[in-house]
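User: I am new to this structure and would like a close look at one part of it, the sheet and what surrounds it. Please keep the account plain.

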Amino acid sequence: QRQMCIRDSCTFIHSGILKYMYKYFTDFFFQYIHYIFFCNPIIFFTKCICPVRMFCNLFITSDIFFLNQPSEPATETDRKTGMDLLDTLKAHEEECVGMAANMIGVRKNIIAVHMGFMNVLMYNPKIIKKSGAYETEEGCLSLAGVRKCMRYQEIEVQYQDVNFKQQRQTYSGWIAQIIQHEIDHCRGILI
């Protein structure tokens with residue numbers, strides 16, 4: 001009788017683990033299939049940053065039709081998308097300095113920007129002042145090659161931070177250029 005109980009409890013534990021593994025495998029598999037057939041991505045299986053979130057989004061979409069659509073305003077229910085965006089930016093830190101949510105397949109007005117020693121998340125960013133126009137060339141993780149574009153040396157940005165508190169900051173130089181590129185992504189504008 002006692003051996004039967006131990007065997008039954010082991011079967012129960014194994015079936016629980018198998019269900020857990022099956023759930024995450026199928027979620028990952030269907031996400032992969034979705035991106036292959038519907039988003040035509042450039043797929044990077046580099047490294048997964050967060051061991052708890054084993055299948056963080058490492059897919060970068062290159063579907064021009066999807067990227068040309070303007071993003072919708074972000075709400076507090078989009079916090080997970082913001083965290084996924086930060087994880088994905090971290091995973092691509094060697095070839096990327098900024099990302100917009102539509103690059104990972106979510107049409108929300110969220111960007112993540114690498115600012116020297118840290119990555120900053122911005123919900124619903126909007127440029128309210130700009131000065132010092134100049135022409136430059138930029139590349140994009142979603143597109144092949146480098147293209148010319150117009151940018152501004154100094155910008156003032158209004159956005160919501162990680163806690164959805166309203167912020168207003170002035171940026172210049174390289175950081176301003178990254179923010180402008182990512183805000184263009186949110187507006188459906190590609191370089």
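Is Cys96 buried or exposed, going by its relative accessibility?

Analyst: Cys96 counts as buried, because its relative accessibility is 9%. This is a predicted model, and the structure holds zero disulfides. Cys96 is accordingly in no disulfide, and the nearest cysteine sulfur, that of Cys140, is 7.7 Å away.

Five strands form an open sheet in the order 3-4-5-6-7, and their pairing is antiparallel. Its edges are strand 3 (98–100) and strand 7, each of which pairs on one side only. On average, and ignoring direction, neighbouring strands of this sheet are turned by 45° against each other. In general, strands of a sheet pair through backbone hydrogen bonds, in parallel or antiparallel fashion.

Met99 stands opposite Ala112 of strand 4.

Strand 5 (residues 118–140) includes Thr136. Thr136 has a relative accessible area of 19% and is therefore buried, since the cut-off for buried is under 20%. Apart from neighbours within four places in sequence, Thr136 is in contact with Arg147, Lys148, Cys149, Arg151 and Gln177.

Helix 4 (residues 173–186) lies across strand 3, strand 4, strand 5, strand 6 and strand 7, and runs at about 105° to strand 5.

The mean pLDDT is 78, and 70% of the residues reach 70 or more. Strand 7 (residues 166–172) has the highest confidence, at 96, whereas strand 1 (residues 42–43) has the lowest, at a mean of 36. Two stretches stay under 50 in pLDDT: residues 1–10, with zero contacts beyond four places in sequence, and residues 33–56, for which the model has 53 such contacts.

Key
Residues numbered from 1 in each chain as written. Predicted model: local features only at pLDDT ≥ 70, side-chain atom pairs only at ≥ 80, totals over all residues. Heavy atoms only, no water. Helix = DSSP H or I, 4+ residues; strand = E, 2+ residues; numbered from the N terminus. Buried < 20%, exposed > 50% of the residue type's maximum accessible area, 1.4 Å probe, protein only. Contact = heavy atoms within 4.5 Å. pLDDT = per-residue confidence, 0-100. Disulfide = S-S within 2.5 Å. Pairing = 2+ DSSP bridges. Axes fitted to C-alpha atoms, helices over the stretch in contact; angles between N-to-C directions.
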